Amino acid sequence: MAAKILDPITINKLDVKNRVVITPHGTFLSVDSFSEAAIAYQTARARGGCGLSIVECTSTHPSSVNTLNNFDDRVIPGFKKMMASIEPYGMRMFQQLYHGGHNANQPGKRPPLAPSAVHGTELKGVPVPLLEEQIEEIVASFGDAAARCQEGGLHGVEIHGAHGYLVHQFLSPLVNRRDDKWGGSLENRMRFLQEVLRAVRKKVGRDYVVGVRLSASNATGGITELEQRQVVDALIAEDLIDYVSGSYGDYYEMRYMVGTMAEPTGYMLPSASQILKDVPLPRLTAGRFRTLDEAQQVLNDGIADMVGMLRAHIADPNLISKTIAGKVEEVRPCIACNQGCVGGLFREQWLGCTVNPAVGFETYLAEELIEPAGEPQKILIVGGGPAGMEAARIAALQGHKVILAEAQPVLGGAVNAAKRAPVLHTIGDIVDWQERELFRLGVEVRLGTYMEADEILAEGADKVIIATGSMPRMDGVQTERPGEPATGVHLPHVLSSIDLILGGKTDLGRHALVLDDTGHYEAIAVADALFAKGLSVTWVTRFPNLTPHMQFNYRAETALTRFYNRDEGFTLLVNHHLAEIRPGEAVVHPSKAPTRRVTIPADTVVLVTPNESLRGLYDEIRHRHPNVHLIGDALAPRDVQYAIADGHRAMRPAAPLVGDRSPAVKV
């Protein structure tokens, strides 16, 4: 009989209370050693019941600098403070150790180091092949770093042998072109990993937990699942490891390393299961699992003994405790958008979450800190999109009397259109959860209620929050050349994204033009919807690539893969301007060459341009009411992450807008 996901498991001699794991992930919450923010973040997940957390990949050597580094003993006091904070909750903690190789940040503007002079995909330059003495130095650094983890009280370490970093580069025949003892045959290519693990074991002993994370490459000529399985056998034969984590992908196809909502639940399993098959040690895997039932199925199928539920725990640190308490419906769902977690590392240089505004700010915004209001007030919120619903939810948790008025017959705002687009249905999970929470908490919801300014004032609310959203701006104005709006925008075949997805128009023709002037996901959703209706798509954008805001969360890469494989046909025109719309066609030109005009077929034209805020009610009453606030798209058209954060913070005490990465312990 398969183990249960909440059963304990023993790794080496370490007991772990359940089989749910927060797998390693970048947070940018720390610089060098753990910060107070990082400690609060991990402690929240420990309090919520997670069995094991593996801290993000941590550099062991100064030739590969990360936000969290383990170069010397200065990290040890921070380790001890972290472990003291999580200790009451019984969560185990490992640290992942790595070197980035040709994907590393090398300080001092020096070129990166790698097994061979093979350029990585991260534009860090051609790497310098490692010399023998440099290899030996880096090997020793792994052992030293593991010893510091042990001294600092961490329960184990994981060697990062996956995802295109240095160990993976040594393993890969595509990257490792060496002709010495470190390259060529698989026996030679795995030597670096073996030496790293030998150095670690020499430092920490046999009773300390040491694991390895491995993945096959997506690239032709890269390391395969079969080879990685042979690596596992060699490591076990020498008694070097206590568990194996099977992952998937590398930098050649980064969308598989952190799968978006476009990937099915368990998408890593076809590859990872080959690495983990018949391994006689505890096995860990991941793959966009959001519920304990989904994780349990992995155990039932015998693929692994532990399951990573990283993003699910970013979204709701209390996933396990709520589930155990029979409150599964109260678990805040991850929507697999990657905008706050992965994307936040690039957009804001700080871990975030679209659905959970407290991420990275647990010291100030953890919901456990919410207390009943000393004097409950009457709170009126106008607008039932994500921002308005979040404000209403927090106000209700504080014990206020809350009224939420929404002009439409349903809650959800613009998400009601977005969730109907192909590949985007998961985004609707968060507004569905918000709605359930509002009714559970007793919020008075008035649907189909359009409120005028005088009606708002007549309610006599102590606080008014305007969350009326925004609407498409169909004037043809484009950001790069605002004095040259497209002509013909009044024609009946010119639509907004809302018109296309909710309007029900069927006579769309054969060819569509999508103008993307925002660089966000909206235009991707439009293109998917047009393909689903059988049209070819010509994409016109001022940007140098497809949806730059989606580049760092891998959703643009995923979309391009879909688009270029559509039979209907896809054409991408970057650095272009839409000049004129005519019946059945449109005229475009390069943004920097207005005279180089080209006419393209366009039976349907969809304009995706910055929206216009609906803030009229706020402007009418802001001088007539002492406590009125404007949030979400009504304040400024942005995306769901900012809308929910606005709603959340509107009802919380003032908290920092920028996180503090200072080490928690000064030495």
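Select asparagine 356 to start: its side chain reaches the backbone oxygen of alanine 315 at 3.3 Å. That is a polar contact (a pair of N or O atoms within 3.5 Å; within protein, one must be able to donate a hydrogen and the other to accept it, and residues adjacent in sequence count only if both atoms are side-chain atoms).

This is a predicted model, in which local features need pLDDT of at least 70 and side-chain atom pairs count only at pLDDT 80 or more, while totals for chains, interfaces and linings use all residues. Residues are numbered from 1 along each chain as its sequence is written, and side-chain values use heavy atoms, with hydrogens and water left out.

**Around asparagine 356**

Asparagine 356 sits in the loop between helix 12 (342–347) and helix 13 (362–365). Helices here are DSSP runs of H or I with at least four residues, strands are runs of E with at least two, and both are numbered from the N terminus. Asparagine 356 is buried, at 4% relative accessibility. Buried means under 20% relative accessible area, exposed over 50%, partly exposed in between (1.4 Å probe, protein chains only). Now show its neighbours: not counting residues up to four places away in sequence, asparagine 356 touches Arg45, Ile314, Ala315, Pro317 and Arg332. Contact means heavy atoms within 4.5 Å.

**Helices 7 and 8**

Next, select residues 225–237, helix 7, and 269–276, helix 8. They pack at about 35°, with axes 7 Å apart. Axes are lines fitted to C-alpha atoms, for helices over the stretch in contact; angles run from 0 to 180 degrees between N-to-C directions. Helix 7 contributes Glu225, Gln228, Arg229 and Val232 to the contact; helix 8 contributes Ser271, Gln274 and Ile275.

Stay on helix 8 and pick proline 270. This residue is exposed, with a relative accessible area of 58%.

Move to the open sheet, with strand order 18-25-19-20-21 and parallel pairing. Strands pair if DSSP finds at least two bridges between them. Strand 18 (494–495) and strand 21 (570–573) are at the edges; each has a single partner strand, so one side of each lacks a neighbour in the sheet.

Zoom in on strand 19 (residues 511–516) and strand 20 (residues 536–541), joined by six bridges. Leucine 515 has valine 540 of strand 20 as its bridge partner.

Finish with the helices on the sheet. Helix 19 (residues 522–532) touches strands 19, 20, 21 and 25 (604–608), its direction making about 160° with that of strand 20. Helix 20 (residues 555–564) lies across strands 20 and 21, at about 130° to strand 21.
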